[in-house]
Amino acid sequence: MQPQFVTQYASGVAPCFQVGERVRVRKAAPPGHIRTPFYIRGHAGTIERLCGSFPNPEELAQMRDGLPAQPLYRVRFRQKDVWPDYRGSDADVVEIEIFQHWLEKA
Amino acid sequence: MTRNQKDRGQSPISDTSAPAMGNRALTPIFSRGHHDMGGEPAGRVEPTEHDYAEWERRVDALVVLLTGILGPKLMTVDELRKNIEALGPQVYDSTTYYERWITSVAQTLIQRGIVTSEELGRKMTETQNRSHHDMGGLPAGKVEPTEHDYADWERRVDALAVLLNSKVTVDERRKHIEALPPQAYDSLTYYERWVISLGQALIQRGLLTTEELGRKMEQVCSRSS
């Protein structure tokens with residue numbers, strides 16, 4: 001039997017961000033299982049790509065189906081923006097996969 | 001006007017007028033989870049190569065099977081994560097990676113109603129109480145099969161057991177082997193355990209007394225020295 005990884009869900013939220021668009025991560029701290037790292041919340045970055053739509057992990061963690069599926073984006077942040085004392089190159093970036101419901105237009 | 005009346009309708013977060021509260025009123029109830037430590041001060045990460053213990057491979061396989069990558073889905077990795085993240089900071093820091101996994105798997109299966117706390121508790125007690133010889137499924141090193149011949153005394157012990165079969169059953173001999181304390185069990189070879197259990201079984205059957213066996217052993221030992 002081959003492993004099955006589903007990336008297309010019939011019931012999904014429509015993507016609302018375009019590649020290259022500036023977005024800001026919501027600065028929220030709800031309880032429960034969250035896939036958005038704490039350190040990136042509140043920071044602004046650029047949509048690098050749409051990865052597909054997936055059931056919401058925050059709901060899956062509570063034994064629900066996580067539907068409608070949420071668009072998941074790879075968002076690119078400048079290291080210098082994220083870490084005030086960053087000593088590397090200006091060109092260095094960190095890319096994080098973030099669900100749409102954690103993003104707002106910057 | 002009481003303090004309660006004055007504060008009515010005001011969000012506690014916007015109330016910065018009470019100096020006794022300090023920053024407390026501004027601190028969110030939920031902040032960074034202990035596990036979510038990206039960017040926190042830490043020592044240097046030293047990457048090391050290491051192999052996995054057998055039980056760790058088994059925990060990994062269990063999660064693969066439970067999350068339905070190959071069959072029916074009994075839990076999600078998000079539940080696994082949720083229950084890892086729910087560990088207290090002290091427990092989180094003092095457990096290893098796969099220890100956290102198996103703790104979380106147990107919690108998740110209880111939450112899902114697949115096992116009950118009672119069942120799990122009973123099974124854990126049973127495992128802790130298992131006899132030392134009954135080691136099937138326990139973590140162990142790799143079994144290295146080797147070819148070897150038997151010593152003359154080993155052949156004789158085997159023959160003795162065959163000849164005494166009508167007097168002493170194999171189950172009696174097993175019972176005496178299994179009654180060996182763990183240290184003795186581990187330090188003896190296969191036929192050493194056999195000969196000890198034969199002696200014990202013959203004594204219990206009344207075919208030999210402890211005294212007779214003791215005297216005979218003394219005799220043999222003094223002859224060889």
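This is a predicted model: local features need pLDDT of at least 70, side-chain atom pairs count only at pLDDT 80 or more; totals for chains, interfaces and linings use all residues.
Chain A has 2 helices and 5 strands. Along the sequence, its elements follow the pattern β-β-α-β-α-β-β. Chain B is built otherwise: it has 11 helices and 0 strands. From the N terminus on, its elements read α-α-α-α-α-α-α-α-α-α-α.

The table sets out some overall values for each chain.

| Chain | Residues | Share counted as buried | Contacts between residues at least 24 apart, as a share of those at least 6 apart |
|---|---|---|---|
| Chain B | 225 residues | 10% | 59% |

## The sheet of chain A

The strands of chain A form an open sheet of 5 strands. Their order is β4-β3-β2-β1-β5, and the pairing is antiparallel. Two strands sit at the edges: β4 and β5 (103-105) of chain A. Each of these pairs on one side only. Neighbouring strands in the sheet are turned by 45° against each other on average, direction ignored.

One pairing can be followed in detail. β1(A) and strand β2 (residues 44-54) of chain A run antiparallel, joined by 3 bridges. A:Arg22 stands opposite A:Thr46, a residue in β2(A).

## Two nonpolar cores

Which residues have the most contacts inside the largest nonpolar core? They are A:Tyr73, A:Val75, A:Ile98, A:Trp102 and A:Leu103, in a core of 14 residues. Three strands of chain A each supply at least two residues of this core: β1 (22-25), β3 (70-78) and β4 (93-99). β3(A) gives the most, with 4 residues.

Back in chain A, A:Trp102 can be traced to its partners. Leaving out residues up to four places away in sequence, A:Trp102 touches A:Val25, A:Arg26 and A:Thr36.

## Helix packing in chain B

Two packed helices are described by the angle between their axes and the distance between the axes. Helix α3 (residues 77-85) of chain B packs with α5(B) at an angle of about 110°. Their axes are 8 Å apart. Angles of 65 to 115 degrees count as roughly perpendicular, so α3(B) and α5(B) are roughly perpendicular to each other.

Which residues make this contact? From α3(B) come B:Glu79, B:Leu80, B:Asn83 and B:Ile84. From α5(B) come B:Arg100, B:Ser104, B:Val105, B:Gln107 and B:Thr108. By class, the contact has 3 nonpolar, 4 polar and 2 charged residues.

α3(B) also holds several buried residues: B:Asp78, B:Glu79, B:Leu80, B:Lys82, B:Asn83 and B:Ile84. What do the buried residues of α3(B) pack against? Within chain B, they pack against α2 (54-66) and α5. They also pack against α1 (57-60) of chain A.

## Where the chains meet

How many residues does each chain give to the contact between A and B? Chain A gives 14 residues and chain B gives 17 residues. On the side of chain A that touches chain B, 12 residues are nonpolar and 2 are polar. No residue on that side is charged.

## Two loop residues of chain B

B:Thr95 lies in the loop between α4 (89-94) and α5 (97-111) of chain B. Is B:Thr95 buried, exposed or partly exposed? A residue is buried with 20 or more other C-beta atoms within 10 Å, and exposed with 12 or fewer. B:Thr95 has 15 C-beta neighbours inside 10 Å, so it counts as partly exposed. B:Thr95 touches B:Arg100 and B:Thr103, not counting residues up to four places away in sequence.

B:Tyr150 lies in another loop, between α6 (117-128) and α7 (152-163) of chain B. B:Tyr150 is exposed, because 12 other C-beta atoms lie within 10 Å. B:Tyr150 and B:Tyr191 are 41 residues apart in sequence. In space, the two are 9.7 Å apart, C-alpha to C-alpha.

Notes. Residues are numbered from 1 along each chain as its sequence is written. Chains are lettered from A and ligands numbered from 1 in the order in which they are written. Two residues are in contact if their C-beta atoms, placed from the backbone, lie within 7 Å. Ala, Val, Leu, Ile, Met, Phe, Trp, Tyr, Cys and Pro count as nonpolar, Asp, Glu, Lys and Arg as charged, and the others, Gly among them, as polar. A nonpolar core is a set of buried Ala, Val, Leu, Ile, Met, Phe, Trp, Tyr and Cys residues joined through C-beta atoms within 7 Å. Axes are lines fitted to C-alpha atoms, for helices over the stretch in contact, and angles run from 0 to 180 degrees between N-to-C directions. Angles under 35 degrees count as roughly parallel, over 145 as roughly antiparallel, 65 to 115 as roughly perpendicular and the rest as oblique. Two strands pair if DSSP finds at least two bridges between them.
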